[in-house]
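Please work through the exercises below with the sequence and the coordinates at hand. Each task is followed by a worked solution.

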Amino acid sequence: MAQQYDTTGKDILNERINEIARFVLNVSDVEVLADLDTEQQVVRAFRTDITKRVHFNGRDAVLHIELQLRDSTEKPMWARNAHYHGYLVGEHQLPVYSNVIYFHPSAGKNDPGGYEYSWNGYDYRLSYKVIRLIEIEGQTILDAQTPGLLPFTPLMKPPDDMPLDRWVQQCIDTTVATSIEAPTKGNLLYRLSLFGGLVHDRSLFERIPEELMQESSVWQHQREKFMAQGIEQGAKEATCRNLLTILNTKFHREAVRALTPALENIDDLQRLEQLLLIAVNVKSLEDFTEVLFE
C-alpha cells in the first residue's frame, strides 16, 4: 500500500511540476527545463523520487524532492539526502535544492533538515527543506486553488476549531469547483480520497460525486487492475480446489491434508494448472509429492 501512495504522489508532482516547483522553492519565476535521469544508480533505495533541472533567478539548478509517507526507517533521512545530494552535485555540477515532503501527520517531526561536521580544517554542511503537510495552512492552499496541491489538502492543517469532517468536505468542494477539465478534476478527486484516507475516515470521501470520480483515468486504471487481480485470484482458488478434489478422490484424505498448506501457498496460476494435470495422471501420492517439492 505504501508503494501506491509513493507512486501516486510522484504522478501528481510530475504532472503539475511547475506548480510544485513554485511552491517548494517559494519563487514565482521558476521554469522546469528537463527531467533528470537517476536510473544509473544501482541500488533502488538510492534513486531519487523527483529530480528536475530548473531555471530561476537567472541560473540553472537541480530541484530534488523526496516523498515520505512516514519516517525513514532503514536509514535516517539526512543520511539518504547526503547520498542523493552528493551524487547530484557531482553529476550535474549545479546547485541542488533538496526537499522532503512528509505525508502522515506524525512523520518528519524529528527530521533535522540537515547534517554537518567540522574538525581540523574539514567542514561539511548539508541543508534541505523539511515540508510536513500537517504544518501547512490548508485554507491558504484551497484559496489559491492550485490543482497540483489540492489532493494533499486533507493532510494539511485545517482552520482552527473546524471539525475534521467539515474540513474534508471543504477540500472536496473546492476541488469540485476548480475550473479544470472533468478528467483532470476526476484524477485530483481520486488522489484526494487516497491521501485523505491515510488519516480520515474513508466514508467521508464517499461524498465525492460518483460521476466525477468515474471521469478519472487513474480511478479507471486502478479499478481495472483490481478487477484483473480479483479474476486471477479467483482462478487460482478454483484451480487449487479442483486439484484438492482430485487428490482426495484418488488418495487417502489425511495424507492429502498434509499437502494442503503447500498447495494453498502457491501463487502462480500456471504452476497450479500444471499440478492439476499431473494429479489427474499420477499413480501415487508419493510421486505427486516429489513433483510438488522438486
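The exercises that follow concern a predicted model and treat its sheet, its packed helices and a hairpin.

**Exercise 1.** Determine the strand order of the open sheet and state which strands stand at its edges.

*Solution.* Step one: the open sheet consists of 5 strands in the order 1-2-3-4-7, with mixed pairing. Step two: strand 1 (31–35) and strand 7 (129–132) each have a single partner strand, so they stand at the edges and one side of each lacks a neighbour in the sheet. Step three: from one strand to the next, the twist averages 30°.

**Exercise 2.** Describe the pairing of strand 1 with strand 2, and then the helices that pack on the sheet.

*Solution.* Step one: strand 1 pairs with strand 2 (residues 50–56) in the antiparallel sense over 4 bridges. Within strand 2, K52 stands opposite D35. Step two: helix 2 packs on the sheet and touches strands 1, 2, 3, 4 and 7, its direction making about 90° with that of strand 3. Step three: helix 3 (residues 77–92) also packs on the sheet, touching strand 2, strand 3 and strand 4, and its direction makes about 155° with that of strand 3.

**Exercise 3.** Which residues of helix 2 are buried, and what follows the helix?

*Solution.* Step one: the buried residues of helix 2 (residues 17–25) are I17, E19, I20, A21, V24 and L25. Step two: N26 follows helix 2 and has a positive phi, near 60°.

**Exercise 4.** Characterise the hairpin of strand 5 and strand 6.

*Solution.* Step one: strand 5 (residues 114–119) and strand 6 (residues 122–127) are antiparallel, paired over 6 bridges. Step two: E116 has R125 in strand 6 as its bridge partner. Step three: 2 residues lie between the strands, and N120 takes a positive phi near 50°.

Technical notes. Residues are numbered from 1 along each chain as its sequence is written. This is a predicted model: local features need pLDDT of at least 70, side-chain atom pairs count only at pLDDT 80 or more; totals for chains, interfaces and linings use all residues. Side-chain values use heavy atoms; hydrogens and water are left out. Two strands pair if DSSP finds at least two bridges between them. Buried means under 20% relative accessible area, exposed over 50%, partly exposed in between (1.4 Å probe, protein chains only). Axes are lines fitted to C-alpha atoms, for helices over the stretch in contact, and angles run from 0 to 180 degrees between N-to-C directions. Contact means heavy atoms within 4.5 Å.
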